[in-house]
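Visitor: Please take me through one part of this model up close. Then show me how other parts are held against each other.

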Amino acid sequence: MSNPQRSGPRAFSYVALLAVLLPCAVAAGAQTAGGTPSKVDPLEASLAGEFALQGGQLPEAARHYLAAARAAQDPVLAERATRIALLADEDRLAREAFGVWQSLAPQPTLDARMVAASLALRAGETRVARRALRALLAEEGGWRPALTALVGAVGRQQPLVVKLLRETIEGGALPNQLQAWLGFGGLAQRLEQPALVDRIVQQVVARFPGEPRVALLRAQLLREGGKLDQARAALDGLGDAALLVPELRWGLAAEYEALGDAAKAAQVLARGAQDDAVYARRAMLLDKAGDKAGLAALYEELKRGATTPNPVRRLLLGQLAELLERYQDALDWYAKVPDERMQGPARLRSANVLHAMGRTEDAFAALHALQADAALDEDGRRDAYLLEAELRQKDRADAAEQDAYARGLAAFPDEPALLYGRALMWERRDQIPKAEADLRRLLVIEPENVAALNALGYTLADRTDRYREALELIDRARVAEPGNAAIIDSYGWVLFRLGKPRAALDHLRHAYALQQDPDIASHLGQVLWVLGQKDEARKYFEAARKLDPDNRSLQRALQETGA
């Protein structure tokens, strides 16, 4: 399960709303900023907004929050109204809310400047957008929100985004930071602007001479452009020099993994200095590559160095034993983790092992103890709810899985990982409106959450006829992570749904080259079938069946094609 990163406005709960609004409700009821009497109860309006948001009624939610912001004179509520309106594509309402936000918080933050740029871009206001972007780029760290604003407008104003991107590069507005150039180069690549990409690479080489990461940039851009063989050749050409610098070794391994070669990535990390972070990554890559012999060798290597009570090492040994299905060894290692701070993860993994051993009652009792342990940090208790839901799903205990998410969200309202997990549960159960409501709620909290953007876009493309809306969401996700196989698959699938099977085919082939996944194989097979290439389509259907015979995308593809 994806664990969305925390960013964007703070998640609101009913308790938080009460704490914020009760002190000012009486005063706000007397008058607003303009001194006129207010008939709006800010607490009532905020709760109405919260209920509308839960039901997926975004425009209504934004209006309620805006009314509450005006009544309470609260910039936080005005910001929330602005973000909800933007997500709902209610630009006029977003501008109105943004005006209230700015009047209540006259010193603009980077977030506020980013929203101003986004509104101008979405409206096609070239001069205003240009000024807003230049103001952002002049700020320390402002290149990130500037890039976010450009990405957010790709689906609606792509020609304007290309124009301002080119002006930014050619005008020398980017700071002399390699990461900034990499980010804008990735956007140019995704927007299929090869001349601009070449210009960026030339600038990077000139600005950062002798920087080996430039070669990694070139390989990344080749990969994202679908030129996988050339990307592989660029990586192979780096030689041993890249292995001497830990940062480059990690970057090289990440690129091999992105090319679908987890085994080669593990080999890269195996060379050079080793620490617990490297060992953990090697274990993940070996498991991804299905290399049981490699995992066993790594396990024996780490066991020889486990004479001291290193909590991280013992936790890793337990995880390796789990992967090797040596369950009693895993329990023994987890029981030996000495550090109290690591006890939460160790107890969590122990519950997973107990379930794998068939001791389901013991497993769920352990998880319930974790959920009720006030001494444990919030992440540990949240993860106990997530793991319980995952195990209930494996047991096909639908009511118990739903109950685990309900209890988790009662304890941690608006928690992104729990909302994301529950949305996937609703989608599996064909309750698409509920899945959409949870994903949109998550996107209000974290507007640029890539996993949620892709999940919602794919769901709309696959389970509804709202293809244009799906395309805009997927475009935002693929610009943020252009090399992500799942997002490339979503993009190919929405193109197919839009009646463009030949365009879809290239992207689906690219996705499958990066990740041999049953969903991608099923989509590829269905597109080939529609294009009349039925023999090749059957090969992909068979590949999907071998990977997961019960895959729902495969079952739908076979039903729709009659294959």
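Guide: Start at Arg545, which sits in helix 31 (residues 534–547). Helices here are DSSP runs of H or I with at least four residues, strands are runs of E with at least two, and both are numbered from the N terminus. This is a predicted model, where local features need pLDDT of at least 70 and side-chain atom pairs count only at pLDDT 80 or more, while totals for chains, interfaces and linings use all residues. Residues are numbered from 1 along each chain as its sequence is written, and side-chain values use heavy atoms, with hydrogens and water left out.

Arg545 has a relative accessible area of 35%, so it counts as partly exposed. The scale is this: buried is under 20%, exposed is over 50%, and partly exposed lies in between (1.4 Å probe, protein chains only). Leave aside its neighbours within four places in sequence, and Arg545 touches Leu554 and Leu558. Contact means heavy atoms within 4.5 Å. Now look at Leu259, 286 residues from Arg545 along the chain. The C-alpha atoms of the two are 23 Å apart.

Next, salt bridges. The structure holds 48 of them. Each is a side-chain nitrogen of Lys or Arg within 4 Å of a carboxyl oxygen of Asp or Glu. Arg313 and Asp276 form one, at 2.7 Å from N to O. Arg313 belongs to helix 18 and Asp276 to helix 16, so this pair ties together parts 37 residues apart in sequence. Both Arg313 and Asp276 are buried.

Stay with those two helices. Two packed helices are described by the angle and the distance between their axes. Axes are lines fitted to C-alpha atoms, for helices over the stretch in contact, and angles run from 0 to 180 degrees between N-to-C directions. Helix 16 (residues 276–288) and helix 18 (residues 311–323) have axes that come within 10 Å and cross at roughly 10°. That makes the two helices roughly parallel. Angles under 35 degrees count as roughly parallel, over 145 as roughly antiparallel, 65 to 115 as roughly perpendicular, and the rest as oblique. Helix 16 brings Asp276, Tyr279, Ala280, Ala283 and Asp287 to the contact. Helix 18 brings Val312, Arg313, Leu316, Leu320 and Leu323. By class, seven of these residues are nonpolar, none polar and three charged. Ala, Val, Leu, Ile, Met, Phe, Trp, Tyr, Cys and Pro count as nonpolar, Asp, Glu, Lys and Arg as charged, and the others, Gly among them, as polar.

Another pair of helices crosses at roughly 155°: helix 25 (residues 432–445) and helix 26 (residues 450–463), with axes that come within 9 Å. Helix 25 and helix 26 are therefore roughly antiparallel. The residues in contact include Leu439 and Leu443 of helix 25 and Leu453 and Leu456 of helix 26. The contact has nine nonpolar, one polar and three charged residues.

Back to salt bridges. Arg70 and Glu96 meet at 2.9 Å, N to O. Arg70 is in helix 3 (residues 58–72) and Glu96 in helix 5 (residues 91–104), so the pair ties together parts 26 residues apart in sequence. Arg70 is partly exposed at 36% relative accessibility, and Glu96 is partly exposed at 37%. Asp362 and Arg359 also pair, at 3.2 Å from N to O. Finally, a network of salt bridges links Glu50, Arg80, Asp414 and Arg441.
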